[in-house]
Amino acid sequence: MLNLLAQTEMPPFAAEGGSDQVKQFALYTLIAGFLLVAAMSFVPTKLRRPIVVGATFLAGFYYVLLWLWPKPVNFAPEQKPQGSEHVGVWLTNALPGVSSITQTLTALLLGLGVYSVLRLHGTKLIKKQKDWAFSLVLLISMLTMVTIGYVDYSELKNNPDKVNQASWGFFQYAKDFLFDGMLQAMDAAMFSSIAFFILFAAYRAFRIRSIESTVLLATALIVMLSLMGLVEYALSKQVIDSITGGDPGHFMNNFALNQVRNWIQTYVQGPGILALTWGIGIGSLSMGLRLWLSLEKTGG
Amino acid sequence: MQYYDTGWISILIVLMFVSFVLYNIRRAKTKGDKVYVRRIAGLNAIDEAIGRATEMGRPVLMVPGLGALDAIAVQAINIFGHVTATAARFATPIRLCCGDAAVYTVAQEVISEVYQREGLSDRFDQDSVRFISDRQFAFATGVSGLIHREKVAAAFLLGTFYAEALIFAETANSIGAIQVAGSTSNTQTPFFIAACDYVLIGDEFYAASAYLSREPVLTGALVGQDWIKMTMMSMVLIGALANTFEMVSQKQTADEVEVVTPTADRAGYAPGTTIEYKLEPLSEPRTKRSSELWTSRLFNQKSAPTPERELAEPAKTGGGE
């Protein structure tokens, strides 16, 4: 069993990337994972659900305890916990270990995701299905990026001087071209297309079809105008005060757009968002409980 | 040993809310009362959208967003389970595109199980559930491309979305697909409202599985959520009244005010200056500040010294050299 009480040494999963310690830990985890899956396949079908339910409950219970139990802070390794303090220290120290289980699972599942991409596009390519050429481009791009990325990482690890552009070799330039030169640029291009999508969506949403859309249009117009520099200045409090002579009862005071916008954001938008956030929070709490206690039957 | 002071009131309130949900789940299980759930247009539109896809012979697209495998993703997969069950009966093809490997694995398992439960395992296409990419705009491009190539007739966008939400919604709109969307992200919901036919707003998203299945456990949990909302509304009302009463009727008297010497980071006070807390009279009684009200003290049991408080002369104790 792992000794998790007041650890002074770094746990193996927190060791430096690529070190023998990490490789050893990864190997043990892999073997343990395969053994666990093999053991589960020998378990009678009727017993599988209770095992999964039990594991889910225990995993959730750890986080519930972590939240409820008083958390010690700033304790030195030489400090000996007394009585119930053992639990608090154990829970706090175990957190990196428990989190690393999640990370290990995520890494394994990413492998499954990559397998899905390879299977889907590999089949398309082999069977020469429609648009197979795009699948070829995808597979070549993926393979190139993985190879160049890994070689670049290894070279930088062995020779940290290569961080400086003056010492770059082929793989550093290739990675820079593929990642920063192409991938990031394509990401940015895709992101910028949102501006046009917003325009089209706004046009449809703001057409006056009902009372609700009219209210929406008027409100949006006020907020948008109040954010435009010239309009903002023309209808600012200073300009209006100069017209009204500082008379608070003057009709023109109703046109101080900044104040109208502030009122909309503070008394209409703010409470609306808070109410939605509350509803979502309550829904999450209920959903989390159902998942933790395995009351949810996924799949409807 | 030192501990974080988390207070007790927030823990007590959360435990009370948890007990509301659990009690109602238990009550629904034992009594089996039928619960009325108000009409949710977005969920009623599921059959209409699938029917349209069936008539057109085009696929139904489902996207659980970019989020990791959390309660939101599980809820989205739950709804997709219902969509898939209906689509399977009519032999309508489905496409479920995932942006997270864990969500992909669970979704594939669930969708395969749905086909098995419907007795239509032969109709399950393993490639109908796909992992596209966990990179935001690669995912957006992949899904948009699929929408265009396969001319999907209906798109269900449910889960955690970011900037890609509008790209999906507008692309699907451009090919005339019916869109049902729902997200727990407050920043994306307005985009969905602007671009989609039906939108699940806020906690409607979490009510979906109860609405569709009417299972006692789920409807019981929904009643529990309503109890929580009513309790919250009562607390807000009582808190507002209590605060108003306290502010209007009780002036802060002189001997109740805490006067604090400035902290070490203020100009004129050298590092290591001792901070002193003491009570000193005010020049004249004043209305209580929000931080001095009963409700504030209840939720923030040990409030930190605030700059608004009156400052005493700098303490000359401590270091400073």
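Visitor: Over which residues of chain B does pLDDT stay under 50, and how many contacts beyond four places in sequence does the model have for them? After that, please show me where chain B meets chain A.

Guide: Happy to! This is a predicted model, in which local features need pLDDT of at least 70 and side-chain atom pairs count only at pLDDT 80 or more, while totals for chains, interfaces and linings use all residues. Residues are numbered from 1 along each chain as its sequence is written, chains are lettered from A and ligands numbered from 1 in the order in which they are written, and side-chain values use heavy atoms, leaving out hydrogens and water.

The stretch you ask about is residues 303-321 of chain B, with 38 such contacts (heavy atoms within 4.5 Å); pLDDT is the predictor's confidence in each residue, from 0 to 100. Chain B as a whole has a mean pLDDT of 83, with 83% of its residues at 70 or more. Chain A averages 84, and 92% of its residues score at least 70.

Now to the meeting place. Chain B brings 64 residues to the contact and chain A brings 58. Of the area that chain B buries there, 13% comes from Met1(B), Tyr3(B) and Arg135(B), more than from any other three residues (buried area is the accessible area, 1.4 Å probe, that two parts lose on being put together, summed over both). Tyr3(B) turns up again as the bridge partner of Pro72(A).

Two salt bridges link the chains (a side-chain nitrogen of Lys or Arg within 4 Å of a carboxyl oxygen of Asp or Glu). One of them joins Asp127(B) to Arg119(A), with the closest N and O atoms 3.0 Å apart.

How values were computed: Pairing = 2+ DSSP bridges. Helix = DSSP H or I, 4+ residues; strand = E, 2+ residues; numbered from the N terminus.
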